[in-house]
Amino acid sequence: MVKAPVGNKLAILSALSRDQFISGQALGEQLGISRAAVSKHIKSLQDMGIDIFKVTGKGYRLNHSLPLLDQHKILPVWQALTDKPCQIEVQPIIDSTNSELMRRIQSKDAGLTSGQVLVAEMQQAGRGRRGRQWQSPFGANLYYSYYWHFEDGMQAAMGVSVAVGLAVHDALSALYDLDVQLKWPNDIYINEHKLAGVLVELDGQMEGPCHLVIGIGLNVAMPNSAAQHIDQAWTDLSQHVSEIDKNQLAVVLTLCLQKRLHMYQKNGLSNMVTQWNALNAFRDQVVSLSTGQRQWRGICEGIDHQGGLILRQDGERKTYYGGEISLRKES
């Protein structure tokens, strides 16, 4: 159940608009709270990085509209597209959607089933690869995790991030006709700017049943306050799409991910390599590949059927696999 303060914040955000002002008194009457309580919630939302204007005599309005998640709006979108059970759960604020699903894997009472999705409006400890912090301001982006029970083991799951990247491509292409590129092993780009990242976490046996938590962080409407902390070229959907329904996005992404994971379970990457290579953000470009201790330089030729990166070095093709590897294009 959503605690009252969080529920009030969501109600205030739902009432605010980027096109017109609403007074604190009107907000208080809608929520059944005092103007002082409204002011306190507004201040808390501003501290979360949400750009809210206040003008004396007019009230409050948003600088940018926020496409909020709503459990009740997700269900009809889901039912219009599939007759499968909907397993998308919305949490207003959480430490990390990936961390929560990993905890549920360890809990015998969690009732976790394959296909469970957790989405949140804000992560207080969002994580990217290599322990990096993932900027997760309230209501701004899509913070998404998918649980998958995979019978073939952790070793066979090493190429899953390739399939996940293609699923993100599928969803954005279907919804917005966006031309995105994929950066090995786990990023989604538009015009050399990062739009989304993937973090796959595994638990289980190398050659037996295992658990995968597939985390996707997708920039939707990144506020300037959070953007200042990002140390690479980035973009968000709001710069390319006029109207964004985050509930629809969560549903379509889930269905695209289910389809790609089914393909992966059946045939591995054999039916996906050619498409991924056509979307390769660094195709035929000189790149540097680093593990922190060592660095290689070569021409990026794409991936093989196990999801490994192929570099041409001094006329010889060499393949590198995931882990703590960083890939960057050389200028």
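## Domains and model

The protein is divided into domain 1 (6-62), domain 2 (71-278) and domain 3 (282-327), with bounds that come from an automatic or database domain assignment. Between the C-alpha centres of domain 1 and domain 3 there is a separation of 50 Å.

This is a predicted model, in which local features need pLDDT of at least 70 and side-chain atom pairs count only at pLDDT 80 or more, while totals for chains, interfaces and linings use all residues. Residues are numbered from 1 along each chain as its sequence is written, and side-chain values use heavy atoms, with hydrogens and water left out.

## Helix α2

Helix α2 spans residues 24-31, and its buried residues are Gly24, Leu27, Gly28 and Leu31; here buried means under 20% relative accessible area, exposed over 50% and partly exposed in between, with a 1.4 Å probe and protein chains only. These four residues are on the same side of α2, because they cover an arc of only 100 degrees around the axis, the arc being that of the directions from the helix axis to the C-beta atoms. Helices (H or I, at least four residues) and strands (E, at least two) are DSSP runs, numbered from the N terminus.

On the face of α2 turned away from its buried side are the exposed residues Glu29 and Gln30. After α2 comes Gly32, which has a positive phi, near 75 degrees.

## Nonpolar cores

A nonpolar core is a set of buried Ala, Val, Leu, Ile, Met, Phe, Trp, Tyr and Cys residues joined through side-chain atoms within 4.5 Å. The largest one has 68 residues, of which Leu142, Tyr144, Val160, Leu172 and Leu237 touch the most other members. Helix α6 (residues 160-176) gives the largest share of this core, 10 residues. The core lies between domain 2 (71-278) and domain 3 (282-327), because both give residues to it.

If residues up to four places away in sequence are not counted, Val160 touches Trp148, Val200, Leu212, Ile214, Leu261 and Tyr264, where contact means heavy atoms within 4.5 Å. A second, separate core of 19 residues includes Ile22, Leu31, Ile42 and Ile50.

## Aromatic pairs

A search of the whole structure finds 5 aromatic pairs; rings of Phe, Tyr and Trp (its six-membered ring) pair if their centres lie within 6.5 Å, and planes under 30 degrees apart count as stacked, over 60 as edge-to-face and the rest as tilted. One of these pairs is edge-to-face, because the rings of Trp148 and Tyr264 have their centres 6.4 Å apart and their planes at 70 degrees. Since Trp148 lies in strand β5 (residues 142-150) and Tyr264 in helix α8 (residues 246-267), the pair ties together parts that are 116 residues apart in sequence. Trp148 is buried, with a relative accessible area of 5%, and Tyr264 is buried as well, with 7%.

Phe150 and Tyr264 form a tilted pair, 6.1 Å centre to centre and with 50 degrees between the planes. This pair links distant parts of the chain, with Phe150 in strand β5 and Tyr264 in helix α8, 114 residues apart. Phe150 is buried, with a relative accessible area of 2%, and Trp148, Phe150 and Tyr264 form one aromatic cluster.

## Ala120 in strand β4

Ala120 is placed in strand β4 (residues 117-123), where Ala120 is buried, with a relative accessible area of 0%. The C-alpha atoms of Ala120 and Val90 are separated by 5.7 Å, although these residues are 30 residues apart along the chain. Not counting residues up to four places away in sequence, Ala120 touches Leu69, Gln91, Pro92, Ile94, Thr97 and Tyr143.
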